[in-house]
Every structure is written in structure tokens, then in C-alpha cells.
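Me: I would like to go through the charged side chains of this model. Could we take them one topic at a time?

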4 protein chains.
Amino acid sequence: MSEVGFIGLGIMGGPMAANLVAAGHRVTGYNRSRGKVDRLVEQGGVAAGDVAEAVRGAEVIITMLPDSPDVEQIVLGEDGVLAHAPEGALLIDCSTIRPDVSRRVAEEGAARGIRVLDAPVSGGEPKAIDGTLSIMVGGAEEDFARAGAVLDAVGATVVHVGPAGAGQTVKAANQLVVAGNIGLLAEALVFLEAHGVDAEAGLRVLGGGLAGSAVLGAKEAKMRGREFAPGFRLELHHKDMGIVQSAARDAGLSIPLGSLVAQLVAASVARGEGGLDHSALYNRIAELNGKG
Amino acid sequence: MSEVGFIGLGIMGGPMAANLVAAGHRVTGYNRSRGKVDRLVEQGGVAAGDVAEAVRGAEVIITMLPDSPDVEQIVLGEDGVLAHAPEGALLIDCSTIRPDVSRRVAEEGAARGIRVLDAPVSGGEPKAIDGTLSIMVGGAEEDFARAGAVLDAVGATVVHVGPAGAGQTVKAANQLVVAGNIGLLAEALVFLEAHGVDAEAGLRVLGGGLAGSAVLGAKEAKMRGREFAPGFRLELHHKDMGIVQSAARDAGLSIPLGSLVAQLVAASVARGEGGLDHSALYNRIAELNGKG
Amino acid sequence: MSEVGFIGLGIMGGPMAANLVAAGHRVTGYNRSRGKVDRLVEQGGVAAGDVAEAVRGAEVIITMLPDSPDVEQIVLGEDGVLAHAPEGALLIDCSTIRPDVSRRVAEEGAARGIRVLDAPVSGGEPKAIDGTLSIMVGGAEEDFARAGAVLDAVGATVVHVGPAGAGQTVKAANQLVVAGNIGLLAEALVFLEAHGVDAEAGLRVLGGGLAGSAVLGAKEAKMRGREFAPGFRLELHHKDMGIVQSAARDAGLSIPLGSLVAQLVAASVARGEGGLDHSALYNRIAELNGKG
Amino acid sequence: MSEVGFIGLGIMGGPMAANLVAAGHRVTGYNRSRGKVDRLVEQGGVAAGDVAEAVRGAEVIITMLPDSPDVEQIVLGEDGVLAHAPEGALLIDCSTIRPDVSRRVAEEGAARGIRVLDAPVSGGEPKAIDGTLSIMVGGAEEDFARAGAVLDAVGATVVHVGPAGAGQTVKAANQLVVAGNIGLLAEALVFLEAHGVDAEAGLRVLGGGLAGSAVLGAKEAKMRGREFAPGFRLELHHKDMGIVQSAARDAGLSIPLGSLVAQLVAASVARGEGGLDHSALYNRIAELNGKG
């Protein structure tokens, strides 16, 4: 069992920290809003009043933050994780951020004797609660081995995919595919509805064949019912598509489908739907077809 | 058990007819090339020398033909199925064709006392052999009920989705989603490879989360290995995207993603790759990125 | 001077017929709605009560009809132009229709001793009134020569572009470029407005450089003022994009930009804006950006 | 007449500086490669050995640099323009760079008593030589007035479009439209050629109507002849499309057409054609259609 410092106890981080406690780790948690720290204490964790307190004495530090600037501030910043973490500690950053920022965190960590993994997750709140997240890990092989006991407490599919930043790259590819699959499902549903087909039956048979997907399973009922409570918010997927596009550009890549999907996601945020579940991308296709 | 006339004993129709024999039906088969009829006889079926002979005395007639013009000729034509089928027979057309042609077949059948279902299938040669196809059926409820024993011998997911033509509409939606998912997988793979990530590991973790899909499961190894023996040929998927686009146009729909994917499929045929598996859509994305 | 029969005296055909009268030709006109025939008579033309009367004794027959089915009925139909035109007459079809229909008209004309040119026009109502249309002509070289005196009365740029159907092909390319230029101008305007730039000044400088175009000149004021009285209606441009797409498909072509523009045009019709000027494509881009 | 310091004497900057000399200004020029400075001296200018020397005593300073990082280094850097320019001087930055960098230059300039305009140009080498560039100027009204005599010596259309950064925003919109028009022209040409139409005649008639554009006039012969010596290089247009996309993203905009065009431009660079004229975007469309 390990001494774990956990920073970022939101929708995803909260249940992850709870699962670590349940697995027998000693988890000291910090979050900007005190209520979430109290919640962790109720679940058996320990409260920290700031970042320094959270990482003091930690063997493993997990960060789960919203975006690249948050990581730059809370991990790399003056009073941040790297400034206070004990030498030899392992930092596992589960935030979904730009690969180049992950690489910088790894470099600055190495300079201070802190080992770093980027380990973004997929699966959303339900799998965070169940401890069955998919986790894509970038960093050194030996650090991945060392992270095993901790990551197994929160994930079901934990895969080492390459060096520092590789986890973020795979997560970006994941978000590209997910957004695209949502967009295609939306077009298929509008197509079925416009032709007067029984859409529930139609999508059921699609789900049983080569058109089947996790997106179809998880999102078709939301789309048919126009019920878009999040889940994973469009504004976060918009942030992620920004990472996809800048990572593609940095590598000199042309991704025509991903790029078109990204425009539809951007439009959803522009239309004021950034707070809805990403399946509300359906609304863009419906609106283009006069059903908005 | 039923007297079944089966017309079109190709890659898909051949194993479907064999499964009907195995289920105890008496199957009389016809195909333009005699060798395929002989094959059916070896498997326990009965040979027919022409369409008229195949449908004589049949309770159920199944047609599995390549494209709309084939159905127009062999079903609606002068010496075709409707001209020779016994009154009261049930015609199940498993071809993937334009919905408006299916509706015309249903109307002309009704005028001659022949009941008609459109019942295109999904799942490819492996599921045709296993008798586990997904089948999307358009037509009258009572005809669907009557078709049950026969369709259960060839399919695992057999769903009634609406009136005449609805099966084709759902199949079109299916092909839209499948082509799109292939295109997105291709972009994700090019993205991972360009960033030097372990693509096999990366796609494995995608498969375990919300990016997972039947396409990813069935096609990622082909793409990674650049091994594109068909399977389902790009030229057939191109035909199907033509159906998608004309059905969208007829209904006054805008489908931006489907339409862009259709252009990439068209390009694959223009590039002379129509005979490859549809996963070779990967080549278009690779080529755009100088890896062609 | 020639005896000219003119069928189709609408927004475009009306002023074209008037210009032929003004140039000294004897023009006998027919239109379904009698008021437009009366108008031509006021301008010095001759009234015809039906197609047969319009073409009787004509050396040159001009048709200006909305769509392919209209040409099929009024030119090829039982009581149509080819049934009544004098042998040796020259039919100039100025309608914008499918190239394959134009080729069929040419063939059926040839079989009855009628020479045929397809001669769709570009420039809209203002250039129809001024007699300065661009005219793209398909057919035999000698027939083009013979049409000279007549077409020069209505067009400023009259170009022979190839055999029967070639005029339609060039018109389709024209509509592809025009729709695309409108869409790009719309994106540029939304871009400028969102950044708080003086859009009038910005577009003025664009017009002076490599971004300059006839579309920019003709449409930017309409877009900036959101004043979309037609002009050329979106529903007609939608029809034309259908021709573009089916001609591309018939030739096995991939046109990703044209295809995406076609989806935006289709969406405009689906949104109920088919009666607005095609510059109202702006509304689709604005709407995607929450300014709809 | 003014004392002008000119930094960046490349394909564009060289002839611009020469035109300033010809108009009677005293021009002191600096360029990293000495040969270009010698050229200016032959034309009547004065040589500077470094940035400091070029700006010493200048009333007006013009910079014409390749990209944002160059401006950051040569204008904002330690030994750069702002460090050495006399108080009260007017800096006109003609580089095409990110709007946010232009805004930063204006702010840092203001802090040191240097007035700044962003003034990117359009028209390419021929118009640089003729002194008939289109120039889009961002900054204060009074500074624009003061720049008049200098900018009139190099441009024919010189327009004030808004505050600092607005010139870059308009230039970005310009590049979006130009790239899109090139892509559409390429699709039209492939379309005409595939249908066996006389492409030269076809494009001539397009040029006379609503499809006419500066791009069509300047680029159609290059495309028809597959002769792609630059002109404006694809790699520079790729850089510019990066500015378009990041400026769109910063403003929360969805630009589906611009984004798709950007992918085709990116593909051209990925394919190793970054050194060709931007009209070589034609090759992407041709290649998609098996004519590559």
C-alpha cells in the first residue's frame, strides 16, 4: 500500500480517490473547494489544506486537473507539486492536456528527482465510480511498473503506450474517434427519423453489426430522447479537440474528418450548448436539417 | 419447414442458402454461374436452371443480388421473379439497394398477389457462414412474422424496422456509420503512428473505452498490417454511399460527415482500390499525409 | 434576322426574349402563364398559345426551363418541341439541367432532323436584362456558328466548350465554384465580425487582392446587410448542386469541398430558406456560430 | 519624404524597399543575407549592418519577416527594433503573423514611445514589384494617417480596418478565401477534365460570370499546365492557415469550409510540396481522383 497525495477531487478525481482509499492506500487529498476534501475525509481519506500538504511524504502523487494551464500552475508553478514533492516520488498526472505540456512536466520533474507519468483516463463518471477506467500511460517502463498497484485500483484497462506525452497522444486519438462516432450517430439518427423509420429498432440492429460501438450503446437513448444532461460536457470535448488539432498540426498531419467534427463541436459551444453532454452534438445535425 | 427458392448464390447468398438447407428447409437455388448451383446441390439443395424454375412452387423466395439494376431486371423484369412466383408467395429481398426500388418491388408484388419484404443484411461473409447476420426488415408486420423461421436460420439479430423500404433505409444508415468509423479509425492510426506511439497498445486501450467499436475490433489489425484482402469491397461500399447520398437528397437532408466520408470512398475507387477491403480507406488518409 | 420560337418567359427567359426582339429577330413566345406572353407582345414579340404554335415556322427555338423534368416534358414529351419543330430547325436549350438529359435531347433531336445545342447561362437577372450573359455552349461546331447571331443578342461571353452536354458540365462547374465562393465569403465575414474588425473595410481590401471575386463584388453588401431578396434562389442552387454531385458521381470523382458546400446549401433549403438569394448561405455559417 | 528603416529584404520586402527609394524616401535596409542589402544599395538605398543601424534615426521603420517567431525575436528581442528605435518613430510591421503577436508588439511599442501599425500585404511578388499591393492596416487612426505617404509608395489599396491586430485578422480572412478559391478551382478543373470538356474554354466562360475571381485569373493557366513554380509557396499558406485556425478557435468560431481547405493545404506540405506555388493544391484534388 502506498502513501498517495491526490490533487483535484472533482467529478472524476473524487471517485478515483475514494477507490484508492477503498483499496487500502492512505490518500491525502486537496481541492480548491473545501467541500470536496470533506467528502474524501468521510470516505476515509486525509485532508490537506494546500498542495504542499497534499504531497508531503507522498510516494505517489496523482493530479486530475481540467486543462493545460491548470497543470502548468498547480504542478509547475512556484508553490506547486514539483516544488514540494519529496525526491523519488512518482507523479501520475491523469489530466487530459497537451502532449507538449506533459513532456515539459516530465522534464522538469526529472530535473528535481521526481518521476512522472502522463496517464489520462477514458470512461467518464460511471467508470470512475466503478474503478474501471481505461488509462493510457506515457513515460518510462519502470515507472509504469511502479504505478501498477495504484492504477489498478482505479482502472480496468491500464496500458503503457510509449514515452512521456504518449498517454496524451492516445487520449487525443480517443477523443477524435469518440467525437466522430457521436457525429456519425447523429447523422444516422436524423437520417432514420427523416425517413419515418422506427429509429429505436433501426439503431438496435445497427448496434448488433459492424456499425456497433460504445458510443451507440451509451448515447443513442440520450439522442432519441433529446435528454442531454452531462456526462461529459461539450466544452471539455471542445478543449480536447483543440489538443487534437494542435497535435495534428505540430506533426504536420491532415485529418479531414476529425477537423470537420471539431468544427461541429466548436459550433455547439458557440451556440451556448457547451454545458450539455457531448451527445448533444446531435443538435447541430438536427439544426442543419431544420429540426433544431 | 418451407419450400424456399433462392436466387443469387454468391459470397453472401451461398452460405445463407446452405444454412437454410441445414435448418431443414427445401431450398431450390439459381445463379447465373452454374458452379455455384452445383455447390448448393452438394450441400443438399436442389438445382434450378433459371429464375422460373427456382420460384416454381416456392412458399418463400429469397433474392440476394448486387445492385438496384439487378433487382429491377431479375425481380421486376419480363422473365423475372414476379412473373413466375406463385400467388401468395413471400419474397424476401436481401439485396442492398435503393429504398425507392424496394418500395416499387413491394408495390408491383402486391399487384400480383406476392408479399414482399426488403431485408438487407450486415455482418459480411463470416456472419453469413455462421448464420449470425444482422437483418433489417421493411414491410408489413404479418409478413415479417411469417418470415421468422426462415430468417432465423441465417441471422442472429432480425429486426422489423418499418414499412417497405425501411430495411434499406436502415442499411444505408448502417453503411454511413461503418464508413465513417473506418475513416476515423484511419485518422486515429495515422495520428498515433506520426507521434511515435505504440499503435497496437494505443488502439487496444481505445477499444476498451468510449472509442471502442465493432470496426475497431474487426479492422485495426488489417490497417496496422496494411493487409487489405476483402472482406467487403470498397466498390460495394461506394455503391452503398451512393444510396446514402441519394436517399439523403430525396429527403432533403444535410449530412456533412457522411458526405465527406463518401468523397474519400469515391476517391479510393478512383485510385483503383475498389477491389480492396473497405478498411483500405486508410490509404486515403495515409496518402494525404505523405505515407501512401 | 431569324424566326425565333421562345419557350419559357420567366425571370431569365423574359428579358432574353425582349433582347432578341430589340436585336431585330421575330420572336414568337410561349409561357404557361399568359401574363408573361402579353408582356412579350408589348415589347414587340408575337404570342403563341402552346408549344406547337411557338415552334411553327421557327428557324431557331430557344427553351429556358427550370429543371430536367420540365425539359423532358416540354421538349421530349408527346406534344413537345421535337414533335412540332420544323425539320432543319436549331434548338438552343438554355435551361440548366443534367448533362445526360442534354445528351438525350441532342440524340432525339438528331433522329428527327433537329439540331440541338445545350447553352446554359450565367449572370443572373441583371445580365439577362443587359444582354450580357455568359453562355456555355455544347454541341456541334457548325451549329454553334449558326447560333452566333442569336446568342450574341443575349450574351457577352459566348463560348463553345465541347460536344452535346458540355455546356451543362461547364455550368455545373460554374455553380460549384459560385456556391463555394459564397460559402467562403460567409466564413470570412463571420470571422471578421467576430474579431471586431470593420467588415466593410476588410472586405474592400480583400476585393482588391487575390481574394477578389465576382461573388465578393455582387454579394458582400447583401451579406453585411442581411438582405437576401433574390436574385438567384437557394432552392435553384440546391437543384444545381444535385447536378454537380450526380455528374461527379457518374464520372467517379471525389470533390470534397464541393460536396461540403452542397450540404450547407441543402441545409439552407431544409431550414426553409430556399426562397432566399443564394448569398443567404451566410445564415448557415452565422447560425453555426450562434449568430443565427 | 521620410527616413525609413527597412528590415527584411526578401521576395516581398526587396521590391517594396526599392519602390520606397524610387518614391524619394531615404531607405536604410538590413537583411540577414548581405547580398540582398547590396541589391538595395545598387537601387539607391543605404546599407545597415544590423537592426540597430537600420532603425537609428528612422522616422518610419518597416519590417517584413516570415513568421511570428521572427517578429518576436527581431522586433521584441533583446537587440531588436523596439530596443533601438528612436522614441516617436512609427513601426509598420508588414509581416503576416498571429493577431495576438501584433497586439503584443503594439503594446510593447507603446510602452517605449514607439507607435505601431500591423500592415500585412496581399498580391504577391508581381504587385510588390509594381507597388500595387493591397495593404490591410490595424492600429490607431492617426498613425494610419501618418503612414500614408510611405504605404502609398508600395500599395494601391491601402485600407485602415481597425485597431491593433485588425490588419492580421483581415489578412487571415484573405488567406482563408484565397486557399478556398484555389481548392474550388482545382475541383472545377478536375471535373471539367474528367468530363472531356475543353477546360481552357470552360474556365474562360466561368471567368466572365459569377464564378470569376482573381484566383481564377491568376492561377488557371498554372493549373492547366501543371506548372507550379512559386509565386506564393504552399508552406507559407500552410503557416497562414494555422493563423486562421487559431484565430478562429480563439474567437470560438466554427469555419467548416476553411477548416477542410486547411487540411488539404496541410496535406500538400506533408506530401513534400510545400515549396510549390499554392495553386499546386490542385495536386491534392487530382491525386484523390487517381490523376496524381
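**Charged side chains**

Reply: In this predicted model, the side chains of Arg284(D) and Glu287(D) meet in a salt bridge with an N to O distance of 3.5 Å. A salt bridge here is a side-chain nitrogen of Lys or Arg within 4 Å of a carboxyl oxygen of Asp or Glu.

Me: Which conventions apply to the numbering and the atoms?

Reply: Residues are numbered from 1 along each chain as its sequence is written, and chains are lettered from A in the order in which they are written. Side-chain values use heavy atoms, without hydrogens and water, and in this predicted model local features need pLDDT of at least 70, side-chain atom pairs count only at pLDDT 80 or more, and totals for chains, interfaces and linings use all residues.

Me: Back to the pair in chain D: are Arg284(D) and Glu287(D) buried or exposed?

Reply: Arg284(D) is buried, with a relative accessible area of 1%, and Glu287(D) is buried at 7%. Buried means under 20% relative accessible area, exposed over 50%, and partly exposed in between, with a 1.4 Å probe and protein chains only.

Me: How are Arg284(D) and Glu287(D) placed along the helix?

Reply: They are three residues apart in helix H14 (residues 282-288) of chain D, so about one helical turn separates Arg284(D) from Glu287(D). Helices are DSSP runs of H or I with at least four residues, strands are runs of E with at least two, and both are numbered from the N terminus.

Me: What links Arg284(A) and Glu287(A)?

Reply: In chain A, Arg284(A) and Glu287(A) belong to a network of salt bridges that also includes Arg271(A) and Glu273(A).

Me: And what do Glu200(B) and Arg204(B) form?

Reply: Their side chains meet in a salt bridge of 3.2 Å, N to O. Both residues lie in helix H10 (residues 199-207) of chain B, four residues apart. Glu200(B) is partly exposed at 31% relative accessible area, and Arg204(B) is partly exposed at 45%.

Me: What about Arg233(C) and Glu235(C)?

Reply: A salt bridge of 2.9 Å, N to O, joins their side chains. Arg233(C) is partly exposed, at 27% relative accessibility, as is Glu235(C), at 36%.

Me: Changing topic, where is Glu78(A)?

Reply: Glu78(A) sits in the loop between helix H4 (68-74) and helix H5 (81-84) of chain A. Glu78(A) has a relative accessible area of 81% and is therefore exposed.
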